[in-house]
Structure formats: C-alpha cells, structure tokens
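Me: I have a structure open and would like to understand it step by step. Could you go through it with me?

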Amino acid sequence: MMMRKLGFKLTLVACVTALVTIGIFSFFNTRSDSRNLLAEVERHASQLSDAVKSATEYDMLLNQRERIRQSIQRMGNQPSIQRIRVMNKAGEIIYSSDRGEIGRMVDKKAESCYICHSDGEPLKRLEMKERTRIFRARPDASRTLGIISPIYNMPSCWTAACHVHSKSQAVLGVLDVTMPLTEVDKDIRQSQLEILVFAGGAVLALSLIIGLFVKRWVDAPVKELLAATRRVADGDLRYMIKVTRDDELGMLAEAFNNMTHRLSEARLQLFQSDKLASLGRLAAGVAHEINNPLTGVLTYSSYLLKRAGGQPEMQKDLQVIVRETMRSREIVKSLLDFARQSVPNRTKADIHRVIDLAAAVVENQLAINKVRLVKEYAPDIPPVTIDSNQIQQVFINLFVNAADAIGQAGGVITVTSSKLSLSPVGTTQIKKALCPKRHDLLDREYRIDGMPSIRIKVRSGAEEGFLHLDPVYGLDRAGSGLPFEAGSGAAFMCPECSSSLIAPKTTCPKCGSAVYAFEVPFKGMVEGCTRPGCKWRRWEAVDAAGTMEFVEVKVRDTGCGIPGKDLARIFEPFYSTKDQKGTGLGLAVIWGILDNHNGTIGVESEEGRGTVFTVRIPVKP
Amino acid sequence: MKEMRDILVVDDEPVILEGISKVCSGDGLSVDMAENGAAALAMLSLRPYRIVVCDIMMPQLDGFQCLEEAARRKLSSLVVMATGFSTLENTVKSLSCGAVDFIPKPFTADELLSVIRRTMRLSAMLGPASSGEPGPQACLVHVAPPQRYYRMGYISWALVEDAGTVLTGVTDLFMRSLGEVSGVSLLPAGREIAQGNSCAEIRSADGMAHGVMCPVSGKVLERNAAAEAGPELLEKDPYFSGWMYRLLPSDLERDLQRLLAGSSGKF
C-alpha cells in the first residue's frame, strides 16, 4: 500500500535523484581533493630535493663527505622526511639518512631506478611527474612518496679540485628523497569521510524536506479529494472540501465542490419532483382507502336523512353528518387535485383577461362581503408571457386577502394596471451570490423586504461582524448593519471560509476605496464600494441589459391594513395573520409564483386605511 | 333462466354493498350483491339484471375485466361504474369500454338514486332483451350524435370547432333517461373543468339532481345562457342550439382518445 502511494513515489524518485547527483559529485570531489593534496606533497618533496641539493652542493664541490653525510643525516631526521639518500651512477648508495645502507648497491630494477633504467640506456631528463612514485614498502605499511632528482654534471664538478667526475658524464648520481604519506592519507580519508557524511546528510535532509512538502502539497489534498469523492459516492452530496489553496489541486477541489453543488441541486430538484410524485401517490392511495368508509358514512347518513322526514330534530343532526362528510369528500378531492397539479405552462397572455377571470372566481365572495371591485386598466398594456393559471391564482389570492381585510363592513378593491420601464438598478434582485470558493452568501434568515439578504463577514481591527447587503441591486435599505465602524482597511470575507471578497485590482471610481466583489452564477460579478456611506455598485451584466419593461398591477383595498411588525414577514411561509383561518401559505406561494416569472411583489400598508400590493411582471420573460 | 332482477351490486367492501342495497331497495328496486367479480359473473349467468353497479378497483377480477366478460357474453345488463376520485381517468376509459354511467364515490343516497333511476329508465328505453316483456317506453326512438361528434358514453358529446375550441352538450338519450327536466345549472365562464368531472347539474321532475360529465378538459369560454334559461332547449335540440359550453381544451388529443365516435356503438 505504502509503495503504491503517489506521495511516496514522488519522494522516492526525488531521493534517488539526489543520491545519484550528490554521489557523483562527492566522488569527483574527493578524487580531485586527494589529487591536489598529492600534488602539493610532490611539489613540497621536489622543493625539498632542490633544497637538499643546494645545501650539499658546496660540500660536494669541496668533496667534504663527512659534512655531506651529517647534513643529510640531519635533514633526514625531519619528521616529514622518511629517508634521503644519494646514489652514484653505478647504483651504490653513497649517502643516506639511514646509515646502515651506505655503500650498498641498489638494484636498477628497483622502483626508484626503474623509470630511467628500464630500457637499458638511462634517460637524462625527467619530468616532475615521472620522478615521483608512490609505493608501499610492505603491503601493510602506509604509503610513501618517493622523488628522485638526478644530479647533473656541471662545469664546476669536473673542474673541481678533487677531479672525481669527468666532463663526459651527464648525470653524476641521483638524490632520492622519500616522505611518508601517513598524514596526507589521513587527511584524504578525513575529507572523504566528511564528504560522505555531508552527502548522506544532504540526501536525508532533501528527502525529508521533499517528503514533507509532497505530503503537504500533494498527499494531503489528494487524500482529502479522495475522501470527498468517496463520501459523494456514498451519497453525501452536501460534503464540501475546505479549499485553502490556489494551486491546481485547490482549483480541482473547487471544481469538485462546484460539481457536487450542482449535483446536489439537481438531485434536490429530482428529489422535490420525486417527493411530489410520491405525495401524489400517497394522496391517491389515501383517497382510495378513505373513500370506501366515507362512502359508507355518506350513503347511510344521507339515506337516513331522506327517511327522517317527520323528525326535524334528527334531520338537523343528520344534516350535520352529511354536510361534514361531504366536506371530507371535498378535502379528499382537493388532495387529488394537488397530486395532479400540472407543470407551469407559459404563453402570451393579456394580463387584464387574467385579472378578469380571477375576479369572476371571487365574484360571489366579494358580493357577500359588500366589496366593490373597481378596475382601472391602462389602455396600452402589452401582452406578458406567463402561466395564466398561476398568475390568476396570484390575483385570486390577493382579492381574497383584500376581502378578508375589508371584513363584513364593505369596501372597495381597486385594481390598477400600468406599463413601466425600469432601470435594472433598484429593481433586479440578486437571487444567488457566491464567494470565490463557491460558498453561498445568501442569508435566508435575514430578509430585506421578503428577500434573502447577502451576508458578508467584516473584520476591522479587532472587531468582527456581519454586513447584510440589500439583495436588490442598487438599493441600500439595510444600511451597514454593523455594530462598529468599518475602517478603510477592513477585511470583507466569506462568512463560511473567510476567503477575501476584496477585488484585487479595482478601486471605487467615486472615492477610491477598496471594492468587494461576489459572483452571481451565469450573471457575472457584482461589485460595490467597501466604504460605509458610499453607494457605488456595479453589475456589468445587468447594467449592459439596459432598461426592462414591466407590467405593474396594484391591488389596493380599503381594509384594516397590516401592522408594521407583520409587514416585513407576510411573504414568509407559514406566517399567517389570520390566526386559525389561513395556512400562512398564500402569500408565500404568490411570492414563489412571481419569483418564477422573474417578477416581484411588494406591499405597503397603513393600519386602518388599507393595503396596496404591487405586482410587477416583466414583459419579456 | 330465472326472472330478471333490477340491480346487481359488485364491490369488495361490504359496507358499500349494504349501503347501495339499502338505498336502492328503499326506492323499490330488487337488489342482489356480489363481493367479487367472479361471484358477480356467476350470478349473471344464473339470471339477468337490468343494471350492474360495479366497483373498478377490486382484487382478482377488476371492474374492467367484468365489463369485458359481460360484453363477451353479450349480456343486456347496463353497467354503471362506481369508483373513487382517484380512478377518475379509469372511469372515463370504462365509459369507452361499454359502461353506460358512473358514480363517483363517496356518494349520497340522492346522488346514487339519480344515477340508478336514469339508468333504469335507459334500460327500459333500450328494451329488456331477456324478459321478453317490453316496457311502456321500450323502443323509443332517440337521436344519436351526428357525424364528427365525439361522445362520452351515452352522456355527453364534444365537437371540435374550426377555431380549436370545443363545443359540448348532452346526448338525446341522456336527456330522455332523465324523464321530465325541471332546471339546469351551468358553471360560469373562466372555470376549469377536467374530463369526467361533473360540469352541469340537470334537475329532473322527480327531484333528482343529475351531474353531467364533461367530455373534454378545458376552460369554459362561454356557456349557453339560453339553455340555462330554458332547459327544454336541451331536450328539443341537444346537438345544436342546445349546446352547453364552449371550451378552450387543455389536452384535446388525449381526451379524444378516450371518447367514442358520435354515432357508433349500441346507442
């Protein structure tokens, strides 16, 4: 398992590469080191030879043999010198620091002589390199460097008083100096050891560092991706990878999150429709099951009611049973109608016709409540692309609500229509907002006029808080909402992952402050000034679209009005002001329908005076 | 073959069997009961019945299979389907399979009686094949819907107009099965109606209210105010001036598949 891991393989390859590189480097380094050392010793030996020659030259000329011997003896006793000896042409050792060998003949095949005498006729000139030799006296002894320097015949030699040498001789003898290489060898070994230790340490350190970073940069994120993939495969589509990096693996993680997010949305939709389908099946099943007992009750009770002609009291009671059973029947029927709900079907429609049809449905109820419906239609309203049934439901709901608000006393509902062109600024709702790491910024708890606000974490100095932006582009109804004053250097962050929302290269064209930015999927970036009080915002995709045409319908009633505390919440699901009478779903459903049409609904109310609902539907879908 | 009886009720739910039996016997009709399709078919081979009231959803032999079997045996009994709302679509289908009427469960005694009485009249009009004793109204001539008309059982008709709208009304036979008509109530324009749902109420002289099943789903564009004002128009000219609604159909193609050609079949 370990051998198969990507991180391990990468580290291994890096280590082997380092090992080979450093190994080769160390090898050549030690080789050149020992060469240099030897060359140094050779040079030293050569200088020494020259020094010996110079020191004895005068004595030689004078043929002071004893003095020469003493000089050589003294010099030979130096610790760095093993032996100094002088041989004559015949190979006899004339002087030596080792007294014992004086007078002994040296074998010309011996290694100190071999170089010149190998081919019978001796050579007369030798290069420095050829004059030195490194050998071991015994196989177990330490190495020794020997250098021979020929003693050439010079005019002073044959003219000297002793007349030992004739003029014809070229080489008179050989000075042979040997030096122990023990110290040098020790140095070389030391240096080799040092390089070896260094190389080993370097390889080890390199492996550790590479291993560590591979683990951090590759292993850990890959492991997390793998774990996330497994979790998603196991069905946990809400799982998100914490993206903290901006390299390719970070991008991969982000893409992965994005994919999972879309997948979960698709699944949610599927789940939703599946849920509706199962609910439909359940409703159908319940309807079928409940129908038979209901049929029994209804048949018998209605039969009894028919036969109870002479007993008014019993007739009255039976009427209650029949009436309530028939009500149950209607409930079952509406349950089935719900299960059969058709998919939205948008066509071009005349909004006035839709309103008229809605008014026709509630006609009776309005008449009972003595409510007069006044229609003030503008003449030039263009057709709108809508699902007429759904929009009709919107107006039916609004009329019923208005009638309820008016109560028994009677009143007027006025429906006015108008056409208006609106700049997208101040009308377009931001329905989705994402941070760079694709976290949802919408806060469904904190709503502004019924719409989820956009939540941003702001940190200024030591203080931290949440800023709720108005979801309507161009409006700023929320103010800053921060419990502290955000300074100019305040950090704007995603509440979830704390990644910065500050746009890196942009500044506010109005005041030059930093600019925050977030993404609206498929609709580009929304930008805004971070300075409190500066209203500058930019949304290129929407700004470019220009003005939009809307049909606006106002439904105004003369009812009791809505208290301010309820006004902000009336579009929330299950929020009902009618106590037991309503489900609290009516306005939420309306809001949903209009939202699906990219339309809006707003409300203004004055307690005791009445309420105005304003519905806006875009002419182009 | 034994003497003909009025009604055979088939349902797997005893309370419904008892209930229907009680209401119908209270109306002076002879009623037998069967708890499943097989028992019903066995009883049908023993003696003739004018009407079979049959549930659709039954274990083993369901309502459709009973209907098929009755048709195969060429039984003269008229079959009325009794079923819950959940199988409304099936009910429409059953009408194209030979059932003459249907009554949605749950029903009140009066709703049941209105269907039973008109079916009894229909049975009498079509002539009792097995009893050999023609009733007083037997062999009454009735007018089938014209060519190009579609019909839902013997109850209602639909005509697709050139504009794509649909004109609907009731058949001559249905009107005749009601006996004397005292009033008609129609739905207002703008209302959505689903195929097989009751779209109008016709009151007969015996105090019964008869629901008229709508042949096509759609939205009411126009109702025939003249017919509502004078219900005799429906009796006199049911296929032309006695129309009921002009509808904007919502799914015409599907609806038409479940309807029969105007002048086909046994009516």
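Me: Let's begin with a pair of strands in chain B. Over how many bridges do β11(B) and β12(B) pair?

Reply: Good place to start, and keep in mind that this is a predicted model. Strand β11 covers residues 198-204 of chain B. One of its residues, Ile202(B), has His210(B) in β12(B) as its bridge partner. The two strands pair in the antiparallel sense, and the number of bridges is five.

Me: Which strands are at the edges of the open sheet in chain B?

Reply: The sheet has three strands, with antiparallel pairing, in the order β9-β11-β12. An edge strand pairs on one side only.

Me: Now to chain A. Which residue in the turn between β1(A) and β2(A) has a positive phi?

Reply: Strand β1 (residues 83-88) and strand β2 (residues 93-96) of chain A run antiparallel and are joined by three bridges. Across this pair, Arg85(A) stands opposite Ser96(A). The two strands form a hairpin with four residues between them, and the one with a positive phi, about 105°, is Gly91(A).

Me: Is Val553(A) buried or exposed?

Reply: This residue lies in strand β18 of chain A, residues 548-557. Leaving out residues up to four places away in sequence, Val553(A) touches Ile351(A), Ile355(A), Val415(A), Ser417(A) and Val615(A). A residue counts as buried if 20 or more other C-beta atoms lie within 10 Å of its own. Val553(A) has 27 of them within 10 Å, so Val553(A) is buried.

Me: How far apart in space are Val553(A) and Ile617(A)?

Reply: Along the sequence, these two are 64 residues apart. In space, from C-alpha to C-alpha, the distance is 8.5 Å.

Me: What share of the residues in chain A is buried?

Reply: Chain A has 13 helices and 20 strands. Among its contacts between residues at least 6 apart in sequence, 61% join residues at least 24 apart. Of the 621 residues in chain A, the buried share is 25%.

Me: Back to chain B: are α2(B) and α3(B) roughly parallel or roughly antiparallel?

Reply: Helix α2 (residues 37-46) and helix α3 (residues 63-72) of chain B pack with their axes 10 Å apart, at an angle of about 20°. Angles under 35 degrees count as roughly parallel, and those over 145 as roughly antiparallel. The angle here therefore makes α2(B) and α3(B) roughly parallel.

Me: Which residues of α3(B) meet α2(B)?

Reply: The crossing of these two helices is right-handed. The residues in their contact comprise five nonpolar, two polar and one charged. From α2(B) come Gly37(B), Ala40(B), Leu41(B) and Leu44(B), and they meet Gln65(B), Cys66(B), Glu69(B) and Ala70(B).

Me: Last one: which element gives the most to the side of chain B that touches chain A?

Reply: In this interface, 22 residues of chain B are in contact with 22 residues of chain A. The chain B side has 12 nonpolar, six polar and four charged residues. Both α1 (14-26) and α5 (109-126) of chain B supply at least two residues each. The element that gives the most, with seven residues, is α1(B).

Methods
Residues numbered from 1 in each chain as written. Chains lettered and ligands numbered in written order. Predicted model: local features only at pLDDT ≥ 70, side-chain atom pairs only at ≥ 80, totals over all residues. Contact = placed C-beta atoms within 7 Å. Nonpolar A, V, L, I, M, F, W, Y, C, P; charged D, E, K, R; others polar. Pairing = 2+ DSSP bridges. Buried ≥ 20, exposed ≤ 12 C-beta atoms within 10 Å, placed from the backbone. Axes fitted to C-alpha atoms, helices over the stretch in contact; angles between N-to-C directions. Parallel < 35°, antiparallel > 145°, perpendicular 65-115°, else oblique. Left-handed = near helix turned anticlockwise from the far one by under 90°.
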